[in-house]
Amino acid sequence: MRVIAFHNLKGGVGKTAAAVNTAYLASQAGISTLLWDLDPQGAASWLLSDDEEPDARKLGQLVKGKSPIGSFIRSTPFPKLDLIPAHHSFRNIDIKLDDADNDRMLKQWLKPLSEETSLVVLDCPPSLSRLAEQILRTADGIFVPLIPTWLSLNSWEQLTAFAKDRKIKTNRLHPFFSMVDRRKSLHRDLVANKDLHLPEGMHTTIPNASAIERMGEERLPVEQVSRRSAAAGAYRDLWSEIQGMIWR
């Protein structure tokens with residue numbers, strides 16, 4: 001089983017869209033995939049659920065060992081793609097992790113899934129926190145969407161500094177440019193000079209596109225909203241690049 005995460009300390013950078021589309025493409029490739037929506041805002045849960053309010057259990061039941069992780073899993077409309085939906089109790093996860101005083105709790109929670117799940121995708125809340133630290137220790141790859149701006153590049157430096165401060169290797173952190181608007185000169189410049197400004201960056205860039213915005217309207221992955229769009233092609237490229245990193 002492989003575990004990947006989409007994380008950024010900033011919100012509004014296309015993190016959930018990347019997580020949902022990657023999970024969907026993995027499942028369509030025949031990989032048994034679980035998307036865990038760790039963000040209490042629950043955007044990924046809303047996109048992938050038929051219900052207005054997905055049935056979800058309180059995280060405290062998992063932390064206390066009263067419920068196995070499998071009892072939190074819900075199906076989605078898509079074959080081979082399951083979901084652990086967000087719950088408002090997730091906003092207290094850092095307090096619960098502090099109380100548990102276990103740096104490997106997230107890894108322990110995921111371990112029982114390995115027999116039936118090949119890929120776990122974590123959609124993470126925007127923060128540098130105890131949960132973020134556990135994600136950095138657990139995931140085989142952490143994929144970090146960045147809008148091509150100086151502030152966003154600064155947030156990348158903050159994330160890598162956070163990892164180094166906790167003695168976590170940064171070679172599993174993979175930034176990529178997201179919500180790229182080529183009408184903006186700064187976006188064009190930073191993308192064109194990626195090797196200078198973001199040498200660790202992935203090759204794939206995700207555009208700022210109407211097809212991605214329509215995900216919220218139709219509650220579908222971009223592949224189903226507009227398969228021939230540049231956005232759908234970009235997410236296919238992103239998934240291909242991720243595969244090469246985590247299964248090499």
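Visitor: What is the relative accessible area of Lys167, and is Lys167 buried or exposed?

Guide: This is a predicted model, in which local features need pLDDT of at least 70 and side-chain atom pairs count only at pLDDT 80 or more, while totals for chains, interfaces and linings use all residues. Residues are numbered from 1 along each chain as its sequence is written, and side-chain values use heavy atoms, with hydrogens and water left out. Lys167 sits in the loop between helix 7 and strand 7 (173-177), where helices (H or I, at least four residues) and strands (E, at least two) are DSSP runs numbered from the N terminus. Buried means under 20% relative accessible area, exposed over 50% and partly exposed in between, with a 1.4 Å probe and protein chains only, so Lys167, at 77%, is exposed.

Visitor: Which value is phi of Met179 near?

Guide: Most residues other than glycine have a negative phi. Met179, in the loop between strand 7 and helix 8 (185-192), is partly exposed at 28%, and its phi is positive, near 55°.

Visitor: At what angle do helix 6 and helix 7 pack?

Guide: Axes are lines fitted to C-alpha atoms, for helices over the stretch in contact, and angles run from 0 to 180 degrees between N-to-C directions. Angles under 35 degrees count as roughly parallel, over 145 as roughly antiparallel, 65 to 115 as roughly perpendicular and the rest as oblique, and helix 6 and helix 7 are therefore roughly perpendicular. Between helix 6 (residues 130-138) and helix 7 (residues 150-165) the axes lie 11 Å apart, and the angle is about 75°.

Visitor: Which residues of helix 7 make the contact with helix 6?

Guide: Contact means heavy atoms within 4.5 Å. Helix 6, with eight of its nine residues buried, contributes Ala132, Glu133 and Leu136, and the partners on helix 7 are Leu159, Phe162 and Ala163.

Visitor: Which residue is joined to Thr16 by a polar contact between side chains?

Guide: Thr16 lies in helix 1 (residues 15-28) and counts as buried because its relative accessibility is 15%. Leaving aside neighbours within four places in sequence, Thr16 is in contact with Ala43, Ala44, Leu47 and Asp123. A polar contact is a pair of N or O atoms within 3.5 Å; within protein, one must be able to donate a hydrogen and the other to accept it, and residues adjacent in sequence count only if both atoms are side-chain atoms. At 2.8 Å, the side-chain partner of Thr16 is Asp123.
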